[in-house]
Structures are given as structure tokens and as C-alpha cells.
Amino acid sequence: VQLVESGGGLVQPGGSLRLSCVVSGIDIKLYNMNWYRRGPGGRRDLIAQIMPSGSTFHLDSVKDRFAISRDGAKNTVYLQMNNLQPEDTAIYYCNLNGGPAWGQGIQVTVSS
């Protein structure tokens, strides 16, 4: 299984980014797919999940601004991030089902 993230970068407060996670080796529709982030404090937190049913979970602090989705045809999971704030600065990781398969991580920096 391989997970490859893209779409990070530097954005001003209030801006938007869309992260992508291209997955190979499994059908993402059969598993919980997760986005985590690791901020300056070092802890890696689950911020969004999409389940096989299509139901989603978003951490309270992001649920009005971020949205997880997937494209089964492209086997890709997305994280649309709107109204980004400096506290969203972190390394973002894609993860399969809470297990040991992780993407390489991608930096998102929100700064003016």
C-alpha cells in the first residue's frame, strides 16, 4: 500500500488549499481513510475521516472549514481546507484505517 500526499504550501490567513492523497494497493472505498495533522506541539491529531459508507467525521475545530471527500475512480482522498488560520499550520498526513500505512506528510503553513 502506498499513500502520496500533495497540495500543501504557504497560504495567507483566510485562504484555501486542497490536499490530495493518491492511494495505491487497496480500494479506498472499502476502508476508513483519515487525515491527521502534527502541529508545533508535536502531537498527531485525527482531524477528518471518511468511512466506507461515505459518512464523515471532522474534528470540532475544523468541521465548519474543512471537508474530507474521496474519488473512487481516482482512488484519491481529498481534504478541502477553507478559511485557513495560523493555528492550522502543521504537517498533514493521510492514513489508512488507523493502521501503519501513512503518507509522507505534507507541510501546510498559514502566515501573512
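How many residues sit between β4 and β5 in their hairpin, and which residue in the turn has a positive phi? There are 5 residues between the two strands, and the turn residue is Gly-42, with a phi of about 95 degrees. Keep in mind that this is a predicted model.

**β4 meets β5**
- β4 covers residues 33-38 and β5 covers residues 44-50, and they pair in the antiparallel sense over 6 bridges.
- If you want a spot to look at in this pairing, find Asn-34, which stands opposite Gln-49 in β5.

**β5 meets β6**
- β5 also pairs with β6 (residues 56-58), again in the antiparallel sense, this time over 3 bridges.
- Gln-49 turns up here too, standing opposite Phe-57 in β6.
- β5 and β6 form a hairpin with 5 residues between the strands, and in it Gly-54 takes a positive phi near 100 degrees.

**Two asparagines with positive phi**
- Asn-75 isn't a glycine, yet it has a positive phi of about 50 degrees.
- You'll find Asn-75 in the loop between β7 (66-71) and β8 (76-81).
- Is Asn-75 buried or exposed? Asn-75 counts as buried because its relative accessibility is 14%, and the cut-off for buried is under 20%.
- Asn-83 isn't a glycine either, and it has a positive phi of about 50 degrees.
- Asn-83 has its place in the loop between β8 and β9 (90-96).
- With 38% relative accessibility, Asn-83 counts as partly exposed.

Key. Residues are numbered from 1 along each chain as its sequence is written. This is a predicted model: local features need pLDDT of at least 70, side-chain atom pairs count only at pLDDT 80 or more; totals for chains, interfaces and linings use all residues. Side-chain values use heavy atoms; hydrogens and water are left out. Helices (H or I, at least four residues) and strands (E, at least two) are DSSP runs, numbered from the N terminus. Buried means under 20% relative accessible area, exposed over 50%, partly exposed in between (1.4 Å probe, protein chains only). Two strands pair if DSSP finds at least two bridges between them.
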